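Student: Please take a close look at one helix pair in this model. Then place that pair in its chain.

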Amino acid sequence: MGGKSCKDFPLPATNSLMSPSANHEPLFKTWLEEHRGIIIKVTRSFAPAPSDAADLQQELLLQIWLSLPSYARQAKPSTWIYRVCLNTALTWRRGTFRRERRIEPAADLAHIASDVASPADRAGARELLEKLYAAIRALPGSERALVLLSLDGLAYREIADITGLTENHVGVALTRARKHLAELMKGVTNELE
Amino acid sequence: MNWNDYETAWKCQELPVAAPADLTGLKDTFESKRRKMAATLFARDLIEGSAGLFVSGVYARMWWLIGKDAWPLALAIALMLGVSVFFIRERIRTHCNRLGPQTPLLAKLTADITELHHQRNLLLNLWKWYLGPITGAMGIFVLTMLRIAVLRIRSETLAMLWRHPLVWGLLLFTLIAATALIWFVWKLNRRAVQKQIEPRLVELEKLRADLLSAQ
């Protein structure tokens with residue numbers, strides 16, 4: 001992530017009632033580039049069906065764009081984006097006018113990093129990832145958010161910042177969420193092994 | 001397989017190379033949503049805020065035309081203005097208390113739940129702050145007009161009018177239409193509570209309870 005940081009861009013003002021302006025565009029574009037992983041992972045974890053993914057993704061982007069004027073640099077950009085995305089995804093409801101375009105369930109998981117050696121290993125890793133996403137989607141909303149943040153390698157402190165929970169509580173809740181995930185993955189991993 | 005395997009698989013996922021959306025498309029969507037929302041809010045605020053003011057203006061004009069005998073219309077004006085002021089106060093309160101999605105999850109959920117409880121209470125108590133004052137104002141208006149009629153119309157003409165079926169028919173129609181309108185508004189708001197607010201409240205409270213359950 002060698003792109004420009006948010007400090008390289010002048011922010012007009014911090015007011016939650018403001019609309020985003022042209023001044024916010026460079027920052028928005030940079031964040032999309034640097035943190036698109038968050039948006040994509042949240043979409044994959046929270047869209048109830050693959051056909052809803054495009055709607056949810058658009059909603060996440062829209063909320064980030066709309067909330068940009070209220071970004072006050074009190075939080076790291078990634079923390080701020082996680083907050084916006086998770087708040088939006090947790091309370092998101094499928095749009096009335098669903099898009100007709102269908103997305104194949106595994107189409108966007110087709111790429112697995114090249115450090116997984118053989119095609120067979122790659123296929124296995126892709127299958128595991130698909131099952132992992134399916135298991136995450138089967139978790140209750142709050143556990144889904146915690147598991148996603150933990151899998152992304154965030155520390156308890158950062159997760160606490162995003163969720164508003166205490167660090168101790170994050171630890172307890174995360175242990176429980178991991179246990180649920182392990183139960184959901186049990187049958188799957190037996191198949192894969 | 002354990003958590004570390006999941007983490008490894010998670011980190012191995014490659015993300016699409018292209019940015020998830022182009023800014024122009026996003027801005028167009030935002031602009032079109034913003035325009036629609038602004039038009040809807042403007043229409044709602046105009047109807048809610050100005051309807052009471054308009055009716056108050058009509059009552060005031062009638063009071064001025066009729067003279068001091070129509071003094072009870074002052075009460076009707078006060079009731080209608082009260083409804084308008086209540087609407088404006090609510091609009092300002094909602095605007096000031098709104099939390100954006102950049103707030104931590106728990107704080108946002110708590111704020112959303114509090115707001116939904118408030119909305120639910122408002123709609124369940126519609127009689128206290130909306131239907132009651134409006135019905136009261138309408139009742140005062142009708143009774144004042146009848147009183148003026150008794151005072152100002154010659155007794156023979158009045159007796160003739162009371163005997164005319166058209167007058168009774170008109171009074172009955174007005175009564176039924178007003179009752180139907182009030183019932184419709186009440187039903188519409190009840191439906192909004194049952195179909196929209198309560199399911200959403202259950203959903204958000206469950207989410208919050210899940211988040212807090214280990215505490």
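Tutor: Start with terms. Axes are lines fitted to C-alpha atoms, for helices over the stretch in contact, and angles run from 0 to 180 degrees between N-to-C directions. Helices are DSSP runs (H or I, at least four residues), and strands are runs of E (at least two), numbered from the N terminus. Two packed helices are described by the angle between their axes and the distance between the axes.

This is a predicted model, where local features need pLDDT of at least 70, side-chain atom pairs count only at pLDDT 80 or more, and totals for chains, interfaces and linings use all residues. Residues are numbered from 1 along each chain as its sequence is written, chains are lettered from A and ligands numbered from 1 in the order in which they are written, and side-chain values use heavy atoms, with hydrogens and water left out.

Now the pair. In chain A, helix α1 (residues 25-46) packs against helix α2 (residues 53-67) at an angle of about 145°. Their axes lie 10 Å apart. The crossing of α1(A) and α2(A) is right-handed; that is, the near helix is turned clockwise from the far one by less than a right angle.

Next, the contact (heavy atoms within 4.5 Å). From α1(A) come E25(A), F28(A), L32(A), I39(A), I40(A), V42(A), T43(A) and F46(A). They meet A53(A), L56(A), Q57(A), L60(A), L61(A), I64(A) and W65(A) of α2(A). By class, this contact has 12 nonpolar, two polar and one charged residues. Here Ala, Val, Leu, Ile, Met, Phe, Trp, Tyr, Cys and Pro count as nonpolar, Asp, Glu, Lys and Arg as charged, and the others, Gly among them, as polar.

Step back to the chain. Chain A has seven helices and zero strands. Among chain A contacts with a separation of 6 or more, 67% join residues 24 or more positions apart.

Finally, confidence. pLDDT is the predictor's confidence in each residue, from 0 to 100. Chain A has a mean of 75, and 70% of its residues reach 70 or more.
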